[in-house]
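Welcome to this structure! Here are a few friendly notes to read alongside the sequence and the 3D view.

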Amino acid sequence: MSKKVIVLGSHGRMGSLAIETIQKDKRFILAGGLDKEDDIEEVLDEADVDIVVDFTLPSSVFQNAKKVLSRKKHLIIGATGLTKPQIDWLSNYCKEKVLGCAIIPNFSIACALMIRASRMVAAYMSDVEIIEYHHSNKKDAPSGTAKHTAQLIQAQHNLSFPDLRREKSIPIHSIRNDGFVANQEVIFGQAGESLILQHTTNNRSAFMPGLLLVCEKIGAYQSLVVGLENMLPWDKQF
């Protein structure tokens, strides 16, 4: 049976592309596309929908999430701006209600592989910095992808280098230039050598296979999952 999907932020670049992509996939039915002038609660109360995808702004994403989850709809958050207390609240709420929700900083499958590889390398190399490049219209800096990558690397460092003492978190350098869509480099180094993991996005179509994968899998989850890398099928040693 096809799953019915509503997209929030339908007039934005990612939202409009998501609508176009979902409409072409027989596994899903587009139940609606909403923007800031629409009444989300009214639509959710009236529409028969399985999944809500949020590509709105940081100022609205958390309130949207509470409205969606309170109606027991699966939620996929592609918007940035959630704080740690907000993420903790969503995690506790989803666990209590046994409801699947995903926060995906980046829907690119290749980026998810880079993030996974970064944590693996971080088990062996403690010196690391991140450079992220985005178009000049991006609202936040550093990007959600860079912050997510840094958090996972730091978690691995805490496991692998218990005596490591850092005065500050992993440095993230943000470039805003219209020559880029969304690129990231994770630079590891130690005496005499370096290792650079690089992901380059040339077109926003790169994010759509990951979005469809999350839409397909979210119904099987009963709690909050953060990061596309945690929804890909592979061994979870790292």
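1. One definition before we start: an angle of 65 to 115 degrees counts as roughly perpendicular. Please also keep in mind that this is a predicted model.

2. Let's begin with the sheet. Six strands form an open sheet in the order β2-β1-β3-β4-β5-β10, and their pairing is parallel. The edges are taken by β2 (28–34) and β10 (224–226); each has a single partner strand, so one side of each is left without a neighbour in the sheet. On average, neighbouring strands here are turned by 15° against each other, direction ignored.

3. Strand β1 (residues 3–8) pairs with β2 in the parallel sense over six bridges, and I6 stands opposite G32 in β2. Helix α1 (residues 13–23) packs on the sheet and touches both β1 and β2, with its direction at about 155° to that of β2.

4. Another helix to find is α4 (residues 84–97). Helix α4 lies across β4 (74–77), β5 (101–103) and β10, and runs at about 140° to β10.

5. How do α1 and α7 cross? The axes of α1 and helix α7 (residues 208–217) come within 10 Å and cross at roughly 65°, so the two helices are roughly perpendicular to each other. The crossing of α1 past α7 is right-handed.

6. Which residues make that contact? From α1 come M14, L17, A18, T21 and I22, and from α7 come M208, L211 and L212. By class, the contact has seven nonpolar residues, one polar residue and no charged ones.

Terms used:
Residues numbered from 1 in each chain as written. Predicted model: local features only at pLDDT ≥ 70, side-chain atom pairs only at ≥ 80, totals over all residues. Heavy atoms only, no water. Pairing = 2+ DSSP bridges. Helix = DSSP H or I, 4+ residues; strand = E, 2+ residues; numbered from the N terminus. Axes fitted to C-alpha atoms, helices over the stretch in contact; angles between N-to-C directions. Contact = heavy atoms within 4.5 Å. Parallel < 35°, antiparallel > 145°, perpendicular 65-115°, else oblique. Left-handed = near helix turned anticlockwise from the far one by under 90°. Nonpolar A, V, L, I, M, F, W, Y, C, P; charged D, E, K, R; others polar.
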